[in-house]
Amino acid sequence: MFERIDYYAGDPILGLVDKFVADSNPNKVNLGIGIYYDKVGNMPVLDCVKTAEQRIADPISPRPYLPMAGLPGHRKGCQNLLFGKDTQVLKDGRVATIATLGGSGALKVGAEFIHEWFPQSKCYVSDPTWSNHIAIFEGCDIEVGEYPYYDKATNSIRFDDMISFIEKLNKNDVVLLHPCCHNPTGMDLTQEQWDKVLDVIKQRELIPFMDIAYQGFGDNMDSDAYAIRKAVDMGLSLFVSNSFSKNLSLYGERVGGLSVVCPTADEAERVFGQLNFMVRRIYTSPPSHGGRVVDIVMNDEQLHQQWVGEVYGMRDRIKAMRMKLKSVLESNLPDHNFDYITHQNGMFSFTGLTPEQVERLQSEFGVYMVSNSRMCVAGLNVNNVDYVANAMVEVLKV
Ligand code: KET
């Protein structure tokens, strides 16, 4: 009966986790999946989260279904973080927001909505992008194409090519964008470049879909949301998927949000209703624990402030690791240019290693990165950074 079912080749990112766990090398280092580890290599529980969890009343309280859209405080938390606290677009009721199962759930519900209501639209993602972007949109029967983004030879953004490509897209085509900390390259557009991209999107009547999974890890909470807020200022309608997995270190709780900015409050109400219906027919409603934590941390002023400080602590440690890695590599391989390591933002560094070099790092040194050469810098710490740098030197020297 099931002989015609294809074997699953495994996920390029999640598959690495299993391989890493099975590796008996005592020096192994996991730089594959985008997870933040602290200075001694542990996944942190943020202090603001600990306080929120202590506040969540009796652990044996009843557990009703949440609303399809999740907790109102979770939704409000997403909105204030993305668009700015109580800004006009929120006061006008023009943003339809639902709480989702992580950033992935937001992308899925958003893509289902687009498939249903804009069936002619194609979706264009950056070349390269997070592999699951393509899988999620294709999984909703949407045709996916790629716009030029990153030039491996020069470690820079192919901005002119990107613009001329987007200028040729058709009305209502979806352009998937990373507002900050581009995954996998770490290379972000400047504010001037964002202005230009959004101009083209407006002229061509395209639909921007902004996926933000690393807010606070780039520059700061507000400037990381520049592209989103600028699009709102320009009067654009847009989709925003956000994830709290990384910036609240709540990976397994599956917390995120999907927001759709609409021209009018009436349209936002219609969209909100349809998003609820999408959720109902896929999974009915989100789980409650993570949503309660998001609600508490985002809406208590003191905890929110503490949270921002904790995110900036993670951001700064990653930046310090970038500098350290770069300096060890430079002193061992003075003929190579490693400037890209400190030019890139967020958790990832796109190293440009060949698949063979990535494979050697794994088999000879137990250093795991994604086969497209993406390294999660947030997995480096003072105890392993020299080991990783020296392993990279070994595979890079000829
Ligand atoms: N968007 C982007 C850009 C992203 O990097 C991730 C996760 C997500 C959405 C998903 O967020 P979540 O809240 O976990 O559903 N990326 C890391 C983990 C993964 O591959 O699932 C990663 O790239 O390693």
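At what angle do helix H5 (residues 102-117) and helix H6 (residues 131-139) pack, and how far apart are their axes? Select the two helices, numbered like the strands from the N terminus as DSSP runs (H or I of at least four residues for helices, E of at least two for strands): they pack at an angle of about 35°, with axes 9 Å apart, where axes are lines fitted to C-alpha atoms, for helices over the stretch in contact, and angles run from 0 to 180 degrees between N-to-C directions.

Before going further, note that this is a predicted model, in which local features need pLDDT of at least 70 and side-chain atom pairs count only at pLDDT 80 or more, while totals for chains, interfaces and linings use all residues. Residues are numbered from 1 along each chain as its sequence is written, and side-chain values use heavy atoms, with hydrogens and water left out.

Next, show the side chains between the helices. Ser104, Leu107, Lys108, Ala111 and Ile114 of H5 meet Asn132, His133, Ile136, Phe137 and Gly139 of H6, contact meaning heavy atoms within 4.5 Å. These residues divide into five nonpolar, four polar and one charged, on a scheme that counts Ala, Val, Leu, Ile, Met, Phe, Trp, Tyr, Cys and Pro as nonpolar, Asp, Glu, Lys and Arg as charged, and the others, Gly among them, as polar.

Now centre on Phe137, which is buried at a relative accessible area of 1% (buried is under 20%, exposed over 50%, partly exposed in between, with a 1.4 Å probe and protein chains only). Leaving aside neighbours within four places in sequence, its contacts include Cys123, Ile142, Val144, Leu176 and Phe209.

Select Phe209 as well, in strand E8 (residues 207-212) and 72 residues from Phe137. The structure holds eight aromatic pairs, and Phe137 with Phe209 forms an edge-to-face one, 5.6 Å centre to centre with 85° between the planes; rings of Phe, Tyr and Trp (its six-membered ring) pair if their centres lie within 6.5 Å, with planes under 30 degrees apart stacked, over 60 edge-to-face and the rest tilted. Phe209 is buried too, at 0% relative accessibility.
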